[in-house]
Amino acid sequence: MISSVLLALLVVLGVILFVPPLRRALISNRMLKFFRRILPQISQTEQEALDAGTVWWDGDLFSGKPDWNKLLAYPKPKLSAEEKSFLAGPVEQLCAMLDEWHITRELHDLPPHVWQFIKDNGFFGMIIPRQYGGHGFSALAHSEVVMKISSRSGTAAVSVMVPNSLGPAELLLHYGTEEQKDYYLPRLAKGQEVPCFALTGPDAGSDAGSIPDFGIVCHGEFNGDQNVLGMRVTWEKRYITLGPVATLLGLAFKLHDPDGLLGDEKDLGITLALIPTRTPGVNIGRRHFPLDAAFQNGPNSGKDVFIPMDWVIGGRDGIGCGWRMLMNCLAAGRSISLPATSTGAAKLAARTSGAYSRVRVQFKMPIGRFEGVEEALARIGGNTYMMDAARVMTAGAVDLGEKPSVISAIVKYHLTERGRQVINDAMDIHGGKGICMGPSNYLGRNYQHIPVSITVEGANILTRSMIIFGQGAIRCHPYVLREIRAANDSNAARASVEFDRALMGHIVFSIGNGMRSLLHGLTGGYLASAPGSVGPEVQGYYSQLTRFSAAFALLADISLLVLGGSLKRRERLSARLGDILSMLYLCSATLKRFKDDDRPAADLPLLHWSMRDALYRMQEAFDGLMGNFPGGAVGMRLLRFLVFPLGKSFSPPSDELSHKVAKLMLTPGETRDRLTTGIYVPESAEESLGILEHALRCAVVSEAVESKLRAAVKAGRIPAQREEKITAALKQRVITTNELELMGKMETLRRRVIMVDDFPADFGSEPHAGPEPAETIPEMAAEVTHDTTAGSLPGPSIS
């Protein structure tokens, strides 16, 4: 009897589930009503932001079962011969011309000859196609150029970056009329026009969609004609980079047509226009002074400035399309600019911190061998390795034709934040050398300026707490966007069918991820899929990422179901979900980098440190999410059982691993060069960075001599006092006269490295590095050779 009842119930349930009309009537339509109630209100600007860009690898990470073979099959991003030539030629020349102290402290601007060099060599036209006189460079080349310049001068990097990022050239390429392209793009490419783009204002920062700036469609006088159709625009903007020197102003404003000159619609929406700054009524204003940075930045405004209709980007077809234009262009531009500048600063910090830690001696030992300094060096090395991996992979995605809106938010936020951590650690290592400003300080300006990158192109707090998961959950999830579109469909019959299909797929998707999450948690992730061609040293990482992808997809679904529209207000929970998605992406990029670099064994400590750090951060984000999830203790325990049935298993990188990373950074060689590749490293003995490089190479060789002296003192062969020690060492042939000369050269170099700039009491004249005139760099320092094997100390190279 009981079995017959159960069988009947199963038959009824099967009929309900597998007969779509019945299923819709009894289940899906009821869920559709519920879904419409919990669905948050989405404004037009929010909807356009959600629709912007494309979904790439982030979609796989949301799936719960990423296809690693697909990721690894993407070609390694590479530069063309022309791009390499530009980096080795004009970019190298530009870097050699730059003196950031002179620029920021004395000129508060780039020198005129540098501005001219930038224009003459087409730095403003890197993204402009050759047919318009530009270079037509790839996104990777754009990133490499900005990164290299930023390792030398933040002022120059920003000045070059902005015209190639979100601005007139990018907007014209995608949305301009043919007439606008033919006129402006050649002028922008040659530097005949200096562009800026004005979006942010006093009352519209992060909430840029609420801009109060407006235009009124009307007829007016223009170039002697009395009845030109156009608009009178009123605006007030600030924080506009290149604004004070711009000749061409891109402007965002809301356009209104109260007299119906263009049709029946009165409020036409956000519109973009190009306005020559010489136009009557345009007020460029003065300059801002962002944290002592010297890049041109300032306010501009206008009141009832008449402009003709054909100045709208895209002409009449572009009216009201401004927000969509901006969001689509931002999806690509944000992928390149700030990730490049942050990585350039991090690579500079990594190279200099490793060298300084080897050259600077305290308590008769290089400071880089103290465990406290090793900890900071490891963070610098691991973060820089992961940052560069994410920068390159994301630029490669843009070159594949993607406009990765969610990924661009991930790399903007996490690379600027990790850049901040790297610079902070580098400053701690350098101590007084880092905090005393002057021509020989190669870190101080980066430390001052890092909050600028945190603030622009989407404030970091907003990006983390609202954008990464908030946009990702809708764009990247395989079913949520389909459900939202069905819920907003005014055709009831079509909405019912489409929502039913999406809902059933969503249910199967969620059940599958729940089962995978629990299975992978019970087995430690060892049954999770991983490509077999990556090598045993990293295969386990792929399995763990697959495990966490399934857990993330499950918790994302539960969060959306339980919290619904309130998740938009639960920013801390959204931020933690965004952190998990971000770590999944950064880890993916790191593993791809290792594969694309042909799996160099010497780089494994950097790979292991960055992966273990990210896995631990991901675990803690899961823990924070579940520990603060609404629903009481029972719900929290259930979530923990599904994700961590055996408890948390990941820990931060070990001290031993940190020691290995620090050792790599202290040692000249291929690994250190790969970590910091692409930055500007002068060899000149007149440059503070050049002196440091000479000193590092000399330190490696002289340490062998110093080791012999210490051993002789310990054995009692020679006295410990310096003068007597040297005399006795020479007499007993512990060292040779050439080795003694080498030690003297090392002391000279070490002193040059550790000295800081000082000034007269009134700061009124040129500084110099130290209380006495600077000594000349010994010629022999440039000839010191080194063994590239990590950890080995060669004998002295004496001629």
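## Thr 590, a buried threonine

At 0% relative accessibility, Thr 590 counts as buried, a word used here for under 20% relative accessible area, with exposed meaning over 50% and partly exposed in between (1.4 Å probe, protein chains only). Thr 590 sits in helix H23; helices (H or I, at least four residues) and strands (E, at least two) are DSSP runs, numbered from the N terminus. Setting aside neighbours within four places in sequence, Thr 590 is in contact with Tyr 385, Met 386, Ala 389, Leu 607, Ser 610 and Met 611. Contact means heavy atoms within 4.5 Å.

This is a predicted model, in which local features need pLDDT of at least 70 and side-chain atom pairs count only at pLDDT 80 or more, while totals for chains, interfaces and linings use all residues. Residues are numbered from 1 along each chain as its sequence is written, and side-chain values use heavy atoms, with hydrogens and water left out.

## H23 beside H24

Two packed helices are described by the angle between their axes and the distance between the axes. Helix H23 (residues 571-596) packs with helix H24 (residues 604-627) at an angle of about 160°, and their axes are 9 Å apart. Axes are lines fitted to C-alpha atoms, for helices over the stretch in contact, and angles run from 0 to 180 degrees between N-to-C directions.

Which residues in H23 and H24 meet? On the H23 side they include Leu 573, Arg 576, Thr 590 and Phe 594, and on the H24 side they include Leu 604, Leu 607, Arg 617 and Leu 625. The residues of this contact of H23 with H24 divide into 16 nonpolar, three polar and three charged. Here Ala, Val, Leu, Ile, Met, Phe, Trp, Tyr, Cys and Pro count as nonpolar, Asp, Glu, Lys and Arg as charged, and the others, Gly among them, as polar.

## The nonpolar cores

A nonpolar core is a set of buried Ala, Val, Leu, Ile, Met, Phe, Trp, Tyr and Cys residues joined through side-chain atoms within 4.5 Å. The largest one has 118 residues, of which Val 538, Leu 545, Phe 552, Tyr 585, Met 618 and Phe 622 touch the most other members. Apart from it lies another core, of 60 residues, including Phe 86 and Val 312.

Val 538 has contacts with Leu 591, Phe 594, Leu 604 and Leu 607, leaving aside its neighbours within four places in sequence.

Pro 90, Gln 93, Leu 94 and Met 97 in H6 meet His 113, Val 114, Phe 117 and Ile 118 in H8. By class, this contact of H6 with H8 has six nonpolar, two polar and no charged residues.

Helix H20 (residues 480-487) is mostly covered, with six of its eight residues buried. Among them are Val 480 and Glu 483.

Leu 242 is not a glycine, yet has a positive phi of about 70°. Leu 242 lies in the loop between strand E3 (225-241) and strand E4 (248-256). Is Leu 242 buried or exposed? Leu 242 counts as buried, at 0% relative accessibility.

Phe 363, also not a glycine, has a positive phi of about 55° and counts as exposed at 74% relative accessibility. Gly 133, in the loop between H8 and helix H9 (139-150), is partly exposed, with a relative accessible area of 46%. Gly 133 and Arg 187 are 54 residues apart in sequence and 8.4 Å apart in space, C-alpha to C-alpha.
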